[in-house]
Amino acid sequence: MTAEPSPSTLAPATLAPATLAPATLAPATLDLGYSFCPNDTFIFYALSHGKTPSPLPVLELLEDVQTLNDWAMQARLPMTKISYRAYFSVMQDYVALRAGGALGRGVGPLVVAREQMGDLNGRTVISPGALTTAELLLRIVYPQVNIVRARYDEVMPAVQRGELNGQRVDAGLIIHESRFTYATHGLVNLLDLGAWWEGETGLPLPLGAILVRRGLPAVTQWALNEAVRASLEYAWANPQEPKSYIRQHALEMSDEVMQAHIDLYVNSFSADVGDEGERAVQELYRRAVAAGTVEESGLELFVKRTHG
């Protein structure tokens, strides 16, 4: 690696989104957006550091997931991590890779509070973002819940205080590593939305996907899928090597929580969603359409394998 600053260390304003050529051509480079979370930095370490082949040079840009969701709504980045809920709203611009995403069992968002309570309909819950899969699930389970929003790492402190910007809150919707640390904040688990989903459907819960421009040539889309898969396989084969990079972006997370995060969210579905993962995404999409949060589309959900 050189002494030059990584694009991820620069302010977002200094990074202009890649200008894409027409659909028949691939761009010269790709800006790749992903989150600070250990599962993402673990998966993308090799790709962003030139350790594995890529069909295009990749410029990393790290942001929180809600910012990435918002940027995808603007079609800002040509390749990006995104919540599956947000993906369903940008399918006209993007298609999901089969590799690099977050699906699984026991990985779901939790609803936490200072004390146990019953029905959340009519109560106020803090959400980490309107376009998160977590909020979609919460709205499916409790259609009459009142929602206010904050960045994901601000949810638990607000629940502890019982207020957000002067407004009373009853509970919070937590994601990422917060599921490992909520008890240390004096909070209790009201509902595991992942367990609810698995009980309802028997399927793993889709949380996040890696998207590329739908207008890219199919051969480039598939080559990028394979590049992401190779990056993950490199990290699996060399688990100690990415640790300093992961630690750099892991906020105040302990090493134990950081590793638990990787162990939970990086799994066989991260290498390829597989048939079961596809069924899970299709079911989540069906329920999002039924809930009236997105419109139905006939577009393919995932990139197609090519041999070119």
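Analyst: Happy to! When I say that residues touch, or are in contact, I mean that they have heavy atoms within 4.5 Å. Also keep in mind that this is a predicted model.

User: Okay, so which residues does Asn 39 touch, leaving out those up to four places away in sequence?
Analyst: With those left out, Asn 39 touches Lys 81, Ala 102, His 261, Ile 262, Tyr 265 and Val 266. Asn 39 itself is found in helix α1, residues 38–48.

User: Is Asn 39 buried or exposed?
Analyst: Buried: its relative accessibility is 5%, and the cut-off for buried is under 20%.

User: Switching to the sheet. What's the strand order?
Analyst: The order is β8-β7-β11-β6-β12, in an open sheet of five strands with mixed pairing. At the edges sit β8 (146–149) and β12 (188–192), each pairing on one side only. From one strand to the next, the twist averages 30°.

User: And how do β6 and β12 run?
Analyst: They run antiparallel, and four bridges join them. One example is Ala 113, whose bridge partner in β12 is Val 188.

User: Which helices lie on those strands?
Analyst: Helix α4 packs on the sheet and touches β6, β7, β8, β11 and β12. Helix α7 lies across β6, β11 and β12, at about 25° to β12.

User: How do α4 and α7 pack against each other?
Analyst: Their angle is about 65° and their axes are 10 Å apart. The crossing is left-handed. From α4, the residues Ala 134, Leu 137, Leu 138, Ile 140 and Val 141 meet Leu 193, Trp 196 and Trp 197 of α7. By class, that contact has eight nonpolar residues, with no polar and no charged ones.

User: What else does Arg 287 form a salt bridge with?
Analyst: Glu 283, with the closest N and O atoms 2.7 Å apart.

User: Which residues are linked in a network?
Analyst: Salt bridges link Arg 98, Asp 272, Glu 278 and Arg 305 in one.

Definitions and conventions
Residues numbered from 1 in each chain as written. Predicted model: local features only at pLDDT ≥ 70, side-chain atom pairs only at ≥ 80, totals over all residues. Heavy atoms only, no water. Axes fitted to C-alpha atoms, helices over the stretch in contact; angles between N-to-C directions. Helix = DSSP H or I, 4+ residues; strand = E, 2+ residues; numbered from the N terminus. Left-handed = near helix turned anticlockwise from the far one by under 90°. Nonpolar A, V, L, I, M, F, W, Y, C, P; charged D, E, K, R; others polar. Pairing = 2+ DSSP bridges. Buried < 20%, exposed > 50% of the residue type's maximum accessible area, 1.4 Å probe, protein only. Salt bridge = Lys/Arg side-chain N within 4 Å of Asp/Glu carboxyl O.
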